[in-house]
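Subject: Structure for your review

Hello,

The structure is placed below, and my notes on it follow. Please read them with the model open beside you.

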Amino acid sequence: MVESPKPPEKGPGGSPPPLNLLDTVLRDDGPLPPARFGIRSLAFLMDFVLLILLSTFIIWKLVLPYHHPGALKESSEWFEALINWAQQTERGAIPEPSLELKSAIAMARDLQILIFWVYFAVGEAFFGGSSLGKRACRLRSISTITLGPLPIMSGIVRGGLKTLCLFFLPPMGLAVTLLASIFNSRRQLGHDLLSRTAVVDERRIQMKNS
């Protein structure tokens, strides 16, 4: 007589058993608790504000005055023209920036993207997977292959994917990367999955080990 297959054993608290090794490690009651969405959002917001301030200073105070000396004045005049256009009852064609200002705006955009990418990549690859925001919130990125610090290339790729979601695919890029966390128990976002990384909570790890 053929024996019927045994039902899968239950996990802690009657939950379904983990599907793979990562699920046994990257879980709230495991050795590497994944960071929750709220604390990750706070860390990202801190980084985002810092990067906006830093990139604005570098672009408008250091780079554009050298390459496009009249950019600040032209941008002020263009914004004033836009305000006057918006206040008119009968509006004509929307005011267009000059070719010089368009060139300055394109340079500013490219520099801002580069600054974001370099910042995220350096933090991930050379500072233990922690940006300043992550460090303040006691979070860090790890490799899901080695469960250790990120290799340099993984940090560069992760920083690039994060920047890509911010600048090239909004709001869909942000929506997709956030939705990815719904389909895995390790709270990995889209750029985490693509770069084979995860973010863990150092504070909760220390509490478990103390």
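I start with D23, which is buried, with a relative accessible area of 9%. (Buried means under 20% relative accessible area, exposed over 50% and partly exposed in between, with a 1.4 Å probe and protein chains only.) This is a predicted model, in which local features need pLDDT of at least 70 and side-chain atom pairs count only at pLDDT 80 or more, while totals for chains, interfaces and linings use all residues. Residues are numbered from 1 along each chain as its sequence is written, and side-chain values use heavy atoms, with hydrogens and water left out.

Salt bridges

D23 pairs with R186 in a salt bridge of 2.7 Å, N to O. R186 sits in the loop between α7 and α8 (190-195) and D23 in helix α1 (residues 21-25), so the contact ties together parts that are 163 residues apart in sequence. R186 is buried too, at a relative accessible area of 13%. A salt bridge here is a side-chain nitrogen of Lys or Arg within 4 Å of a carboxyl oxygen of Asp or Glu. Helices (H or I, at least four residues) and strands (E, at least two) are DSSP runs, numbered from the N terminus.

A second salt bridge joins D28 and R187, with the closest N and O atoms 2.9 Å apart. D28 lies in the loop between α1 and α2 and R187 in the loop between α7 and α8, so this pair ties together parts that are 159 residues apart in sequence. D28 is partly exposed at 34% relative accessible area, and R187 is partly exposed at 23%.

E124 and K134 also form a salt bridge (2.9 Å, N to O). E124 belongs to helix α4 and K134 to helix α5 (residues 132-137), 10 residues apart. E124 is buried at 3% relative accessibility, and K134 is buried at 5%. Salt bridges with shared partners connect R40, E124, K134, R158 and D192 in one network. In total the structure holds 12 salt bridges.

Overall fold

The chain has nine helices and two strands, in the order α-α-α-α-α-β-α-α-α-β-α along the sequence. Of its 210 residues, 36% are buried.

The largest pocket has a volume of about 300 Å³. (On a 1 Å grid over the protein atoms alone, a pocket is an open set of points where a 1.4 Å probe fits, with protein on both sides within 12 Å along at least five of seven lines; lining residues have an atom within 4 Å of a point.) Its lining has 17 residues, and R40, F44, K162, L189 and H191 are the closest to its centre. Helix α2 gives the most to this lining, six residues.

Nonpolar patch

A nonpolar surface patch of about 910 Å² includes W117, F126, F127 and M153. (Patch residues have over 30% relative accessible area and no salt bridge, and nonpolar side chains, Val, Leu, Ile, Met, Phe, Trp and Tyr, are joined within 5 Å.) Helix α4 supplies the largest share, five residues. F126 is in helix α4 and is exposed, with a relative accessible area of 52%.

Regards

Notes. Patch = residues over 30% accessible without salt bridge, like charges linked within 9 Å, V, L, I, M, F, W, Y side chains within 5 Å. Areas by Shrake-Rupley, 256 points an atom, 1.4 Å probe, with all protein chains shown as cover. Points joined across faces, edges and corners; volume = space filled by probe spheres on them.
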